[in-house]
Amino acid sequence: MKIGFYDTHSYDKDAFLKANKQYKYEIEFMDFKLNEKTVNSAEGYDAVCVFVNDVLNKKVLWRLSEMGVKLVLLRCSGYNNVDIEEAEKAEITIMRVPMYSPHAVAEHTVGLLLALVRKIPQAYIRTRGGNFSLEGLTGRTLFGRTVGILGTGKIGKIVAEILSSFGMSVLLYDVLPDYNWALKNGFTYVNLKDLYIKSDFISLHCPLTSETKHIINSGSLMLLKPNCVLINTSRGALIDTDALVKALKKKRIAGAALDVYEEENNYFFKDWSEDIIGDDMLIRLLTFPNVLITSHQAFLTEDALAAIANTTLENVYQYKQGGTLDNLVWIA
Ligand code: NAD
């Protein structure tokens, strides 16, 4: 089994080379993304392994199929970047890592919230430069405030439980509510409008689908409390960035902590510090003192990387065995 890995970095290589000692597949790492321009590079592979910003649209999937690549391994849980219907038609099997470390993402979410609300990045820069003044660093206490969790799957639940332990009230919204879990923890499911109106902090944890694209838009932003802070560690396109920037400029909301961004594909995971960034919206976001951005880093722990590598290679093993596939997105 020869597998081509796309959009890889040193941390991917380290984790997969370690995990592959057991499986001994022939693997090759590419630092560029899989998309329409690069798809011909998959010639000769039996499978390709991709991440969140590789593009597996109709053209790419059919070209892969023509070249005999019949297995796509997503080394992530979300699959919004794959045209699943076309994969079915092209007889390509898509497998993913549905769960690797929801704790890693949840902990980063809470870290972002604390860092933004307590102005820790500003304080860090100040003290490094010998400035020990506290002027302008006043934060807000989380205890006693209300957090709204939009999407109560694996990650949303952990975020809710962590923030509850801080003494926050927890409001929830999900299309498939887990009432037993909510009852056990003293949390309340509300409708989406109430979540927007009543929350001091809102954290997004639903997947990106046609229904959830721009779920945070000019209309929903109008409903938020002026002191509301948005946190998004799920997928960038859950938020209409243009509407967010307008809301921040008008001081309609108090801030945003973002690990994902609608147009992250062009910039995230790469060093652009020596280059010109052409995305004016991203640059505008970076100018707000009440916006904190990390570049899709929430998953990045040693533990999560090891789990991703082990599950991905176990997916290949299952595929080769030909039995039931645990982590199938769709079977050819
Ligand atoms: P999950 O499937 O366990 O939970 C998703 C929840 O969203 C489910 O409860 C589902 O019912 C709910 N949902 C679906 N559609 C909805 C809608 N229209 N409105 C409200 N809720 C809706 O997923 P998870 O493991 O908790 O992951 C959540 C998301 O986090 C993933 O979709 C992925 O995009 C993102 N993620 C980000 C990173 C990162 O590094 N930043 C890493 C892993 C996952």
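Visitor: At what angle do the axes of helix H1 and helix H12 cross?

Guide: In this predicted model, the axes of H1 (residues 10-23) and H12 (residues 302-321) cross at roughly 45° and come within 9 Å.

Visitor: Which residues of H1 and H12 meet?

Guide: From H1 come Tyr11, Asp12, Ala15, Phe16, Ala19, Asn20 and Tyr23. Their partners in H12 are Leu305, Ile308, Ala309, Asn310, Thr312, Leu313, Glu314 and Tyr317. By class, this contact of H1 with H12 has 10 nonpolar, three polar and two charged residues.

Visitor: How much space lies in the largest pocket, and which residues are closest to its centre?

Guide: The largest pocket holds about 1,100 Å³ of space. It is lined by 42 residues, and those closest to its centre are His205, Cys206, Pro207, Leu208 and Ser234.

Visitor: What makes up the lining of the largest pocket, by class and by helix?

Guide: The lining consists of 20 nonpolar, 15 polar and seven charged residues. Helix H4 (102-117) and helix H6 (154-165) each supply at least two of the lining residues. The largest share, three residues, comes from H6.

Terms used:
Residues are numbered from 1 along each chain as its sequence is written. This is a predicted model: local features need pLDDT of at least 70, side-chain atom pairs count only at pLDDT 80 or more; totals for chains, interfaces and linings use all residues. Side-chain values use heavy atoms; hydrogens and water are left out. Axes are lines fitted to C-alpha atoms, for helices over the stretch in contact, and angles run from 0 to 180 degrees between N-to-C directions. Helices (H or I, at least four residues) and strands (E, at least two) are DSSP runs, numbered from the N terminus. Contact means heavy atoms within 4.5 Å. Ala, Val, Leu, Ile, Met, Phe, Trp, Tyr, Cys and Pro count as nonpolar, Asp, Glu, Lys and Arg as charged, and the others, Gly among them, as polar. On a 1 Å grid over the protein atoms alone, a cavity is a set of points where a 1.4 Å probe fits but cannot get out, and a pocket is an open set with protein on both sides within 12 Å along at least five of seven lines; lining residues have an atom within 4 Å of a point. Grid points are joined across faces, edges and corners, and a volume is the space filled by probe spheres set on the points.
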